[in-house]
Amino acid sequence: MVERVLGLKLEVEVENMVKEIDPRYMYLLLFIVVGAPLLRPLGLPLPITAPVKALYDKIESLPPGSVVLFEYGVGAASWPEHGPSNIAVLKHLLSKNVKIILISLYTAEGPTNFATRIKPAIAHLLEKKTYGVDYVDFGYVTGYETAMAAIAENIHKALPRDVYGTPIEQIPLMKNVKTAKDLALVIATGYCEPYIRQFYTPYGVPVAIMTWGMNAPGYMPYIAAGQLVGMVAGIRAAAEYEVLIASPGEACASSDALSLSHLFVVILIVIGNLQYWLGGRRVR
Amino acid sequence: MEFAELASLISGLIAAALTLMIYSLLYRENILYRIAEHTFVGLYAGYGVAFAVKNILDQGVSRISAGNYWFIIPIILGIMLFTRFTVKQAWISRYSMAVMVGVGTGVSVRALIEAQIVRQIKASVISLTTGPYTPIDNLIIVLGFISSFLYFFFTDISVIRKPMGYIAKAGRYVLMFTFGGAFGGTVLSRMTLFTGRMQYLLSYPAYYMIPVFIVILCIMIYMDVKKKSK
């Protein structure tokens, strides 16, 4: 009887306590939990996951002179998810002897983010390359999947000029690149399905994706089916890529903050479930 | 200080101020949040229109001037879309919409069956001991696929009702695990966006705005407390 009364009292106290917490305290705590490790990193271990390593290995195995289509459609809002991975993978590509076709298909914000944030981060590597010979930029091309289909079928027809207005016939890199069959790899930002449909399925061009962390579970079947050769999903995977290329950047710096924020969310979920469980049991 | 440095400093401070103004919603709805929100909407609309005009010039007008006159057709179809803003002529825009939907669907569907159905079924027919995963992973993939697939088998056959019930129940658990994974991924993504913004706020010159914001927040709290006590 005493235990029952005490148990009921505890349930009521826990329930009331949780209910009384102003959510704004949680926001404040979140600011502290995320901000503290950014100011003083903890150096938590970062194991490399298979999809990230697979993309790294694929780029490493590219024969010299291979042509890679790199889609840098990074939006301002999704910068933390896509920006660091774009920079890390581009750094890796620029360190190899491969030709890069830059393009933005996912968003019109791509060229602005490329010019203001990606380009400064890879400027030291771009200096060693020649525009038009080692890399070329076509800027934003509207149409998304329709544009992809057109590019895959006939690049010269779909992209008559580069971002600076130079006719494609006058760009040395593009001289022997006519269709998707001339590409060794497509690395895209955002969603993988359109690239698989337009590049991998009809032409057999390997496709890799830099996507949001939330897409990782949904894209694993494509990895298992061999339709994706690699995946960098979110900032955590971007941090792994930075470790692989030995060039720590934005992603590595935020990995501790991210880990702690996840722990914080897990604690909140446990508290929320505890409240629900105790409250529900009392009602029954 | 050079002009470029000054411009970078000012733009950095504006970006930080706007971020903090948006975050001020976490305390309560206020005028700073509304200013930032409306600025964003206006700016984004302007950016979108500018890019749309650039696209029409680059993809359409320049090609027409180069002699590809058939590019007039998509431009006419595009203009037809604007009839949606009228009541009597709105039906004209349906033709443009029909072309857009038709082309979009046609382009996607031509490889969809192979890419997203046939290949996925093929990938589920796997040997337990080969491939990139461990035998346990492969077993989970096969059993998870079969059970979650049969969860959506709605035909009621009395002979197999009982075993089907068990399989469907297992399928429901597999789906629940998947939803849990998807939810975890969504939280991860949102946290990443927040972490990215925090990283920016703690960098130069954005951190100059933090004390300013704290002062504003303290004033807001003080005013709220004063209002409440009255």
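Contact here means heavy atoms within 4.5 Å. The model is predicted: local features need pLDDT of at least 70, side-chain atom pairs count only at pLDDT 80 or more, and totals for chains, interfaces and linings use all residues. Residues are numbered from 1 along each chain as its sequence is written, chains are lettered from A and ligands numbered from 1 in the order in which they are written, and side-chain values use heavy atoms, with hydrogens and water left out.

**View 1. The interface of chain B and chain A.** Chain B brings 40 residues to the contact, and chain A brings 53 residues. The size of an interface is often given as the accessible area lost when the parts come together. Here the buried area is about 4100 Å², and carbon and sulfur atoms give 65% of it. (Buried area is the accessible area, 1.4 Å probe, that two parts lose on being put together, summed over both.) In chain B, the most area is lost to chain A by B:Leu26, B:Met191 and B:Gln199, together 13% of what that side buries.

**View 2. Pairs and elements at the interface.** How many residue pairs are in polar contact between chain B and chain A? The count is 20, with both residues at pLDDT 80 or more. (A polar contact is a pair of N or O atoms within 3.5 Å; within protein, one must be able to donate a hydrogen and the other to accept it, and residues adjacent in sequence count only if both atoms are side-chain atoms.) On chain B, helix H2 (31-65), helix H4 (93-124) and helix H6 (161-201) each give two or more residues to the side that touches chain A. H6(B) gives the most, with 17 residues. (Helices are DSSP runs of H or I, at least four residues, and strands are runs of E, at least two, numbered from the N terminus.)

**View 3. A salt bridge in chain A.** The side chains of A:Glu60 and A:Lys96 pair at 3.4 Å, N to O. A:Glu60 lies in helix H3 (residues 50-60) and A:Lys96 in the loop between helix H4 (79-95) and strand S2 (99-104) of chain A, so the pair ties together parts that are 36 residues apart in sequence. (A salt bridge is a side-chain nitrogen of Lys or Arg within 4 Å of a carboxyl oxygen of Asp or Glu.) Over all chains, the search finds nine salt bridges. Across the interface of chain B and chain A, the rule finds zero.

**View 4. Backbone details.** Most residues other than glycine have a negative phi, and most peptide bonds are trans. The bond from B:Tyr204 to B:Pro205 is cis, with omega near 0 degrees. B:Pro205 sits in the loop between H6 and helix H7 (209-229) of chain B. A:Tyr144 has a positive phi of about 45 degrees. Its place is the loop between strand S3 (135-140) and helix H6 (145-153) of chain A.
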